[in-house]
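Subject: Structure handover

Hello,

Here is the structure we talked about, followed by notes on what was found in it. Please read them alongside the sequence.

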Amino acid sequence: MAKRSRLVTAAALLLLSGLLLGLPSSTASSATKARPSDFNGDGYPDLVVGAPWATVGGMRNAGALSVVFSSASGPQVSKRQYLSRNQAAVPGVSREWDEFGTEVASGDFNGDGYADLAINTASDGPSSSGGKYCGMVTVMFGGKSQLTTGLRIKEQDGFTCGMLTWSGLAAADFDRNGYDDLVLTTPGEVGNAFWISGGPQFAQGKGHDARLFDPVSHDLTRYARPAVGDVNGDSYPDLVLSHKTEGLWRTTLHLGGAQGLDPVEWQLLTNGGPHVVVGNFNGDKYADIAIGNPLITVNTFGSAGTVRIYHGSANGIDTARGSQTLTQDSPGVPGSVERMGGFGWALAAGDYNGDGRADLAITAQRSFRNGFDSTVNVLYGTTSGISPATGKSQVFSEKTVGLPGANGTSAFAESLSARDFNRDGRSELVVGSPRYNNYTGYVAVVPGTTTGLKVTSTKGFFPKGLGVPAPYSSFGAALER
Ligand SMILES: [Ca+2]
Ligand SMILES: [Ca+2]
Ligand SMILES: [Ca+2]
Ligand SMILES: [Ca+2]
C-alpha cells in the first residue's frame, strides 16, 4: 500500500527553475518562537475567523477577517482586530471577488515571538495581471498589540498566475531551526505543494525559499487542506496531504527533518478524503491521522460518510496495523448511518478533556430537503486511540449549544478547529457555521473541561459584535487550525 516515489517530472523541474531560491535556513535557533495564533505574544492563542464573502467598501465578496484576542478567560470581543485589504496595515486594496480569508494558517515565520498569520485570497482583484484572477497569499506579522504589517506572496515569488487561488495553508517549524515555515498547496489541474522557510529574511518579502516538493506525476490533482503533526515521533513536524487524483482521494506523508520538508513523499496511501487532521489519539510518541470522507456511500446510503484513522509509528504511517474506519453505525458513535448524513464533513483534533490524548470532533452535516440538521460528534481518545465502543463520546447540535439567535437550519459546524485559548491544558472547540442567517454566519467556542467539552458554556461570536460586514459574509467559513 505504501510506497516511496522518486519521480521528478520535467514539468516539476521547469516550475522549480522559476522559483526564487533564497538563503539556506541554517541559522541558530536562538529565536523565541511564538505559540501559533498568539499574535500579540502574551501567551494566549487568539481566535481568527475568516469571512471571505464580506462586502468591503462596496466591493462584493472582497472578504475580511476578525482576530479576537484571548486572555485567561478565552477570546474577548473587547479586544479585537478587523482585517480587510482596505485596512492600512494590509497590503493592497479590497476588490470584488478577492475572497480574502478563504484559508488561514498561523506560525511565527520571522521568529520575533509574535505569531504571524497567512491569509489566502481567491484572486488579487480583476485589474491585476491584465485582468486575471491570480490569487495570492498575504502574510500579516504579529506585534505587541496586534497584527502590524504584511507582505504578499504571488507571481513575483515564483508562482504562476492562478496557482495560489484557494490554496491550502499550513505552518510548522519543519526543520526545527526556531522559525516556523509556511506550506502552500496549489489546487487545480496541476496540484503541487511548496514550503517557504521561515527566518529573518521572511519579513523582507524577498528571498523566499519556495521549494517545490511532491513532484509526483499526479495529473489532475486537487489538494485538500494540509495537516501537520509528528507522525514518526522524531520531534520534527511532518506534513500530511490529502489529494484527489483521477477521481480518487490519496494521502501522502512528507517527513520534516534538519533540511526541512522532504521533497519526496515518504508514504502514499491509496485512501483519502477531503478533510484530514493529525492528533495523537492514543497518547504514544506518534501522531495519528484522521481522514473524513463525507460523500462516501455506506451500506447503500449515499453520502453517509466515513472517518478513517491511521496510526503513526517510528516508520511513519503504520500500514501493517492498517486503518480503522468509523461510520455512524460503528459501536459507540452517536447517530446512525443515513443518506446525506455527511459524517466527516469537518474534523478537529484537540485534547478537550486534558488527559494527554487527542480527541476527535466530527461534523455530520445531515443535509436534507428542508435544510440541515447537523451534529458534532466528539470521540474521546483512549490508550488504544479513538475507540468509541469503549471510550467516551458526546454529541451536540445547534439546538443544544444554547446561543441566542443561533437556532435554525444553518449547516451548523461546517468548519471546526481546536485551540487551548485560555491555556488551562484543555482545548476549546471552535465551531464555524458560515451559512447561518443568509450567510451572516457565526462561530461558537465550546470550552474544554476535565470531563470534556462543556456545551452549556458555549460562547458565540457574531460578525455584528466584531465589526465584520454582514449579511452574506460567510463568517466562520475559515478558521485558523
Ligand atoms: Ca512573528
Ligand atoms: Ca517527524
Ligand atoms: Ca483527551
Ligand atoms: Ca482551554
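Two strands are taken to pair if DSSP finds at least two bridges between them. The model is predicted, and that applies to everything below.

Sheet with β23, β24, β27 and β30

By that criterion, strand β24 (residues 359-364) pairs with strand β27 (residues 375-379) through five bridges, in the antiparallel sense. Within this pairing, A361 of the one strand is set opposite V378 in β27. Both strands belong to an open sheet of four, ordered β23-β24-β27-β30, in which the pairing is antiparallel. β23 (343-350) and β30 (393-397) are the edge strands; each has a single partner strand, so one side of each has no neighbour in the sheet. With direction ignored, neighbouring strands of this sheet are turned against each other by 20° on average.

Sheet with β17, β18, β19 and β22

A further open sheet of four strands has antiparallel pairing and the order β17-β18-β19-β22. Its edges are β17 (275-279) and β22 (324-326), and because each has a single partner strand, one side of each is left without a neighbour in the sheet. From one strand to the next, the twist averages 20°. β17 and strand β18 (residues 288-293) run antiparallel and are joined by five bridges. One position to look up here is H275, whose bridge partner in β18 is G292.

Strand β31

Is strand β31 (residues 415-419) largely enclosed or left open? Five of its five residues are buried, so β31 is largely enclosed by the rest of the structure. S415, S417 and R419 point one way from the strand, while L416 and A418 point the other way, and all of them are buried. β31 pairs with strand β32 (residues 428-433) over five bridges, again in the antiparallel sense. L416 has V431 as its bridge partner in β32.

L117

Strand β5 (residues 116-121) contains L117. This residue counts as buried because it has 28 C-beta neighbours inside 10 Å, where the cut-off is 20 or more. Leaving aside residues up to four places away in sequence, L117 touches F39, V48, V104, S106, M140 and L147. S106 is eleven residues from L117 along the chain, and the C-alpha atoms of the two are separated by 4.6 Å.

Regards

Note on methods: Residues are numbered from 1 along each chain as its sequence is written. Chains are lettered from A and ligands numbered from 1 in the order in which they are written. This is a predicted model: local features need pLDDT of at least 70, side-chain atom pairs count only at pLDDT 80 or more; totals for chains, interfaces and linings use all residues. Helices (H or I, at least four residues) and strands (E, at least two) are DSSP runs, numbered from the N terminus. Axes are lines fitted to C-alpha atoms, for helices over the stretch in contact, and angles run from 0 to 180 degrees between N-to-C directions. A residue is buried if 20 or more other C-beta atoms lie within 10 Å of its own, exposed if 12 or fewer, and partly exposed in between; C-beta atoms are placed from the backbone. Two residues are in contact if their C-beta atoms, placed from the backbone, lie within 7 Å.
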